[in-house]
Amino acid sequence: MNKHTLNRLLAFLCVSAMVIVLWILYLYNIIEHASYTDADFNLMFQPSGKDENQNGVDDFLDILAGAKLEAQRRPTYRSAYYAGGYPPENEGVCTDVIWRSLAHAGYDLKELVDRDIAACVACYPRVNGAPDPNIDFRRVPNLQVFLRRHALSLTCDINEIGQWQAGDIVVFADSHIAIISDQRNHNGIPFLIHNGNLPKMEEDGLWREAFLKGISGHYRFVYHEEVDENNL
């Protein structure tokens, strides 16, 4: 290999490495992504018509506000077992974003999940017949079952942008869960608010997580006590 060819090869490898590094930085939102709103895509926010905590704010907006507070607080990512169930405010994982967001709207997710498990232990494979209130409501597979049974199920196609709105809950495989943000990317795909031990908690990550893990559930928390018979 002559010197000229070697220099061209080295230049190509350097450029390729730089492109890969920049892509990774973009992929994980270290490079800032432009953000847009519903109005930029002529989308209308659909309120729940409910105000569980009677604070004058619609439930969906309260859930969103709770998620944003969690993102601002940036709890340390720590997966652990806690007596009583609840981690301290400065610690958490992806499931803690969910119950804290719902608590901001007036819902006690731990109580709701524990009650549903007691009503149908067999419906919750992750519980394996032995309920543990100290951890059950902080496990993604259990939240998936609960949401299928008691919330509104929606599309898992991220390109149907009109079917996604702030405050929705999205589950990836049986390993991760997040709240949908009120920000969107240039394609109208909404940002996520989640704790995945990543540089940012509110980020343009729905498309990335959908590609890497796959979406197994998309829910709107219009809570109903009645159970879908198909999910018993």
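Leu13 comes out as partly exposed, because its relative accessibility is 46% (buried is under 20%, exposed over 50%, partly exposed in between, using a 1.4 Å probe and protein chains only). This is a predicted model, in which local features need pLDDT of at least 70 and side-chain atom pairs pLDDT 80 or more, while totals for chains, interfaces and linings use all residues. Numbering runs from 1 along each chain as its sequence is written, and side-chain values use heavy atoms, leaving out hydrogens and water.

Leu13 sits in helix α1, residues 3-27 (helices are DSSP runs of H or I with at least four residues, strands runs of E with at least two, numbered from the N terminus).

Now for the sheet. It is open, with 6 strands ordered β3-β8-β4-β5-β6-β7 and antiparallel pairing; strands count as paired if DSSP finds at least two bridges between them. At the edges are β3 (152-153) and β7 (202-203), each pairing on one side only. Strands β5 (residues 176-184) and β6 (residues 190-193) share 3 bridges, and Arg184 has Pro190 in β6 as its bridge partner.

As for salt bridges (a Lys or Arg side-chain nitrogen within 4 Å of an Asp or Glu carboxyl oxygen), the count is 16. One of them joins Asp96 to Arg138, with the closest N and O atoms 2.8 Å apart. That pair spans 42 residues, from helix α3 to the loop between α4 and α5. Asp96 is buried because its relative accessibility is 0%, and Arg138 is buried too, at 7%. Arg149 and Asp116 also pair up, at 2.7 Å, linking helices α5 and α4; both residues are buried.
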